[in-house]
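The following paragraphs lead through selected features of the structure shown below, beginning with a pair of helices and continuing with the pairing of strands.

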Amino acid sequence: MTDIQIDINEVSKWYGPFQVLNRCSTKVGKGEVVVVCGPSGSGKSTLIKCVNGLEPFTQGAITVDGISVGDPKTNLPKLRARIGMVFQHFELFPHLTVMRNLVLAQIKVLGRSSGEAHENGMRLLDRVGLRDQAEKFPGELSGGQQQRVAIARALAMDPIAMLFDEPTSALDPEMIKEVLDVMVSLARDGMTMIVVTHEMGFARQVARRVVFMDKGEIVEDAPTEEFFGSPRSESAQMFLSKILQY
Amino acid sequence: MFANFDFDVIARSLRYLFFDGMTFTLILTALATAGGIVFGTMLALMRLSGFPLLAVPATGYVNLMRSVPLVLMIFWFYFLVPYIGQWLTGAERPIQVGYFTSSLVTFTLFEAAYFCEIMRAGIQSISRGQLAAAQALGMSYPQTMGYIVLPQAFRNMLPVLLTQTIILFQDTSLVYVLSITDFLGAASKVAQRDGRLVEMYLFAAVVYFVMSFAASQGVRALSHRTAIIR
């Protein structure tokens with residue numbers, strides 16, 4: 001591992017008296033793909049939302065490319081523009097066409113010209129295989145297509161890292177592959193990625209490390225083969241035996 | 001029973017009724033709607049801001065406006081604004097603002113309270129995920145509101161906003177208390193002059209009904225067309 005791109009250090013978070021994150025620490029290097037998994041309610045989504053400051057955290061520190069996320073002096077919008085995020089429910093803007101979804105933030109946030117933004121948008125739509133859908137509205141696309149557009153929208157900002165929050169959980173089974181294919185090709189291209197997912201096949205194929213969470217704690221943080229071969233903790237063994245049963 | 005009605009009085013005064021009266025009514029409705037939606041949206045954003053310094057005054061304002069009869073507001077403004085103007089500018093005598101300005105300001109301020117509640121519901125109808133997505137792309141609060149939340153809220157609420165506009169259109173008739181020649185005022189003046197009260201008020205009622213009914217049918221048709229595909 002060369003330089004550290006995302007450094008999560010002893011992060012804790014409480015909702016009132018309820019602790020959702022308990023001293024979570026992990027590091028993600030440049031070009032590394034890390035899969036975060038664990039039972040529902042274990043704090044996986046909350047943890048990656050802390051990385052781009054969508055969720056504030058109570059204690060600890062997170063730095064992205066050397067910039068502290070929790071520091072009140074940090075320009076959060078500027079930092080967020082450099083971190084791509086893909087959501088479980090796509091969250092495309094339904095009142096804008098696919099192309100407008102792709103160019104809006106490029107123009108308004110990055111200050112790119114309309115021509116440049118459109119060119120970039122077209123290139124990325126091509127990459128996710130949806131070149132001919134540019135003028136449609138999100139509601140006219142299938143779930144898998146919407147999620148691919150959402151990935152293209154995040155990539156259009158030329159992010160230094162990508163966060164995926166259960167990107168295939170809301171998809172019908174036959175559409176999961178088309179989204180995972182895009183993610184695999186991104187990983188192969190050397191994108192830094194943190195992926196919250198239950199797709200263990202994807203984890204095996206591209207993840208360098210697997211972080212396993214339970215009850216707000218990082219229980220295991222191991223290289224992929226080691227995690228699947230011989231998980232040390234009992235909760236990880238239980239989890240794997242449940243989801244790898246079929 | 002219509003035997004001794006004189007419907008000719010309507011034909012004779014059509015030009016005055018519509019050209020003077022209805023024009024005023026429609027201009028007042030349009031301007032007050034535009035102003036009310038802009039000010040109402042600002043109030044809604046203040047109420048939802050989470051900052052007590054903004055939310056409390058906005059909430060107080062809305063509750064006050066919704067607890068006071070509109071006729072009273074029209075009176076108050078017409079007689080009070082000149083004195084407030086005098087007090088603000090330090091002029092020697094009350095500043096006359098004219099009945100049009102006065103009624104426009106009144107309706108804008110009054111209707112803003114109702115438009116605020118509509119826009120507030122509209123903004124709250126947009127999922128938190130949409131906000132998160134806009135923020136994740138690096139958009140600032142004004143950009144998130146301006147490009148993502150408000151356009152969707154406005155489209156979702158368009159039928160309700162237009163229905164409120166129809167109510168506003170009917171409410172403008174209350175300016176008769178200032179002896180303004182809006183549509184009802186014009187009809188009333190002809191009625192008094194020619195002693196044809198029944199005919200004129202009947203005609204005015206029919207016109208308000210036809211216009212409001214046609215408009216609400218139009219809103220229904222439009223609401224099917226503008227719905228965002230999901």
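In this predicted model, helix α1 (residues 8-48) of chain B and helix α2 (residues 52-67) of chain B have axes that come within 7 Å and cross at roughly 130°. The handedness of the crossing of α1(B) and α2(B) is left-handed.

The residues that form this contact can be listed helix by helix. From α1(B) come L43(B), M46(B) and R47(B), while α2(B) supplies L54(B), A55(B), A58(B), T59(B), Y61(B) and V62(B). Sorted by class, the contact of α1(B) with α2(B) comprises seven nonpolar residues, one polar residue and one charged residue.

Attention now turns to the strands of chain A. Strand β1 (residues 4-15) of chain A and strand β4 (residues 59-64) of chain A run antiparallel and are joined by five bridges. Within this pairing, N9(A) stands opposite A61(A) of β4(A).

Strand β4(A) is also joined to strand β5 (residues 67-68) of chain A, by two bridges, and these strands likewise run antiparallel. Here V64(A) has I67(A) in β5(A) as its bridge partner. Strands β4(A) and β5(A) form a hairpin with two residues between the strands, and in this hairpin D65(A) takes a positive phi near 50°.

Conventions
Residues are numbered from 1 along each chain as its sequence is written. Chains are lettered from A and ligands numbered from 1 in the order in which they are written. This is a predicted model: local features need pLDDT of at least 70, side-chain atom pairs count only at pLDDT 80 or more; totals for chains, interfaces and linings use all residues. Axes are lines fitted to C-alpha atoms, for helices over the stretch in contact, and angles run from 0 to 180 degrees between N-to-C directions. Helices (H or I, at least four residues) and strands (E, at least two) are DSSP runs, numbered from the N terminus. A crossing is left-handed if the near helix is turned anticlockwise from the far one by less than a right angle, and right-handed if clockwise. Two residues are in contact if their C-beta atoms, placed from the backbone, lie within 7 Å. Ala, Val, Leu, Ile, Met, Phe, Trp, Tyr, Cys and Pro count as nonpolar, Asp, Glu, Lys and Arg as charged, and the others, Gly among them, as polar. Two strands pair if DSSP finds at least two bridges between them.
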